[in-house]
Amino acid sequence: MIAGRALRTTMTAFAVLAASVVIEPAMTTAQAASEIAAVVNKVPITSNDVTRRAAFLRLQRAKGDTKKIAREQLIDEVLKREEVARVKMSVSTDDVDRSFARFAASNKMSPQQMGQVLNQAGVGVEHFKSFIAVQMSWPRVVNARFAGGRSGRMSNEELVKRMAEGGQKPVTTEYVLQQIIFVVPEAKRKSILGKRMAEAKASRSKFPGCEQAKTFAATMLDVSVKPLGRIMLPELPADWKPFVEKASGGTTEPRATEKGVEFLAICSERQVSDDVAAEVVFRAEDLIKAEKTGEDPNDKKYVEELRSKAQISYP
């Protein structure tokens with residue numbers, strides 16, 4: 001699932017583009033990459049990067065100084081990418097590729113045709129996929145920080161006000177989860193991912209429960225168990241939530257991730273209704289509202305915080 005108003009705007013722009021492609025000649029790499037446009041925490045942003053993003057903005061019918069807007073967007077993306085890496089919440093390459101394919105299909109193109117359009121427009125496939133990766137990963141980080149991460153918690157007054165508006169304290173499900181990972185080295189991903197998926201599916205019927213999970217994993221090759229602790233339903237990452245809700249036999253369906261093939265074991269679940277649960281539910285509601293409107297104050301607050309701590313220079 002691709003999150004964010006920016007990507008929805010891009011899809012609309014490409015729908016128009018697919019009907020009538022009128023593309024300005026792109027600047028050559030040699031011309032565009034001759035200068036450094038900005039440096040963010042020692043990470044350079046080249047004029048080539050800015051040119052590609054400016055071309056991307058033109059496809060979105062952006063108004064104003066597209067090069068200046070492009071540069072500032074790229075600075076924010078470097079900061080977001082660093083934060084995503086720091087908290088280890090990046091989506092996988094496969095997730096990005098699947099989103100790219102869905103994006104192409106929504107514009108009645110094959111991925112190859114979409115790639116050709118992007119290249120002709122001066123955007124480039126890799127630049128666009130990098131944009132998709134950030135758009136998919138960043139909402140997870142914001143959610144973990146402001147919803148699941150417990151940072152910037154609601155005041156008692158705000159909680160009481162929200163509960164009064166709803167008439168009663170919210171109820172949600174709390175899970176105790178374990179992550180079962182069938183590790184796939186990146187170098188062998190193409191050759192063994194299918195085999196590992198089959199192994200993961202076969203192991204579910206034999207899963208002995210969370211207490212015996214590590215012993216069970218030890219009987220198989222390159223399988224690890226990671227306790228995730230207590231997680232409330234609204235805190236679950238968007239890509240795992242439907243799997244947990246549809247789980248059967250105490251485990252979820254396996255899915256391919258950047259680590260390999262994984263499924264979750266549900267050790268226990270219960271209904272909870274306390275102040276912490278209420279806060280989690282309210283923040284999840286705020287997140288859904290922000291997604292619908294395209295405006296998330298926590299997103300802006302987080303980026304401003306990262307900018308205030310970053311070393312940014314414009315050579």
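**Entry 1: the sheet**

I began with the strands and found three of them in an open sheet, ordered β2-β1-β7, with antiparallel pairing. I note here that this is a predicted model. Which strands sit at the edges? They are β2 (43-46) and β7 (312-313), and each of these pairs on one side only.

Next I looked up how β1 meets β2. Strand β1 covers residues 36-40, and four bridges join it to β2, the two running antiparallel. I picked out Val40 and asked for its bridge partner in β2, which is Val43. Then I turned to what lies on the sheet: α3 packs there, touching both β1 and β2, and its direction makes about 55° with that of β2.

**Entry 2: a threonine in α3**

I stayed with helix α3, residues 47-59, and stopped at Thr51. Is Thr51 buried or exposed? Its relative accessible area is 16%, so it is buried, since buried means under 20%. I also checked its side chain, where a polar atom lies 2.8 Å from the backbone oxygen of Ser47.

**Entry 3: aromatic rings**

I counted ring pairs and got ten aromatic pairs. Phe103 and Phe128 have ring centres 4.9 Å apart and planes at 50°, so I wrote this pair down as tilted. The pair links distant parts of the chain, with Phe103 in helix α5 (residues 93-106) and Phe128 in helix α7 (residues 125-148), 25 residues apart. Both Phe103 and Phe128 are buried.

How are the rings of Phe207 and Phe263 arranged? Their centres are 6.1 Å apart and their planes are at 85°, so the pair is edge-to-face. Phe207 is in the loop between α9 (189-204) and α10 (213-217), while Phe263 is in strand β6 (residues 260-272), 56 residues apart. I looked up burial for each: Phe207 is buried at 15% relative accessible area, and Phe263 is buried at 0%.

I also traced a cluster, in which ring pairs link Phe56, Phe100, Phe103, Phe128 and Phe131.

**Entry 4: charges over rings**

I found Lys129 over the face of Phe100, 5.1 Å from the ring centre. Arg255 lies over the face of Trp240, at 4.8 Å from the ring centre.

**Entry 5: a valine in α12**

My last stop was Val276, in helix α12 (residues 275-293). Val276 has 26% relative accessibility, so it counts as partly exposed.

Methods:
Residues numbered from 1 in each chain as written. Predicted model: local features only at pLDDT ≥ 70, side-chain atom pairs only at ≥ 80, totals over all residues. Heavy atoms only, no water. Buried < 20%, exposed > 50% of the residue type's maximum accessible area, 1.4 Å probe, protein only. Polar contact = N/O pair within 3.5 Å; in protein donor to acceptor, adjacent residues only side chain to side chain. Pairing = 2+ DSSP bridges. Contact = heavy atoms within 4.5 Å. Axes fitted to C-alpha atoms, helices over the stretch in contact; angles between N-to-C directions. Phe/Tyr/Trp six-rings, centres within 6.5 Å; stacked < 30°, edge-to-face > 60°. Lys NZ or Arg CZ within 6 Å of the ring centre and 35° of its normal.
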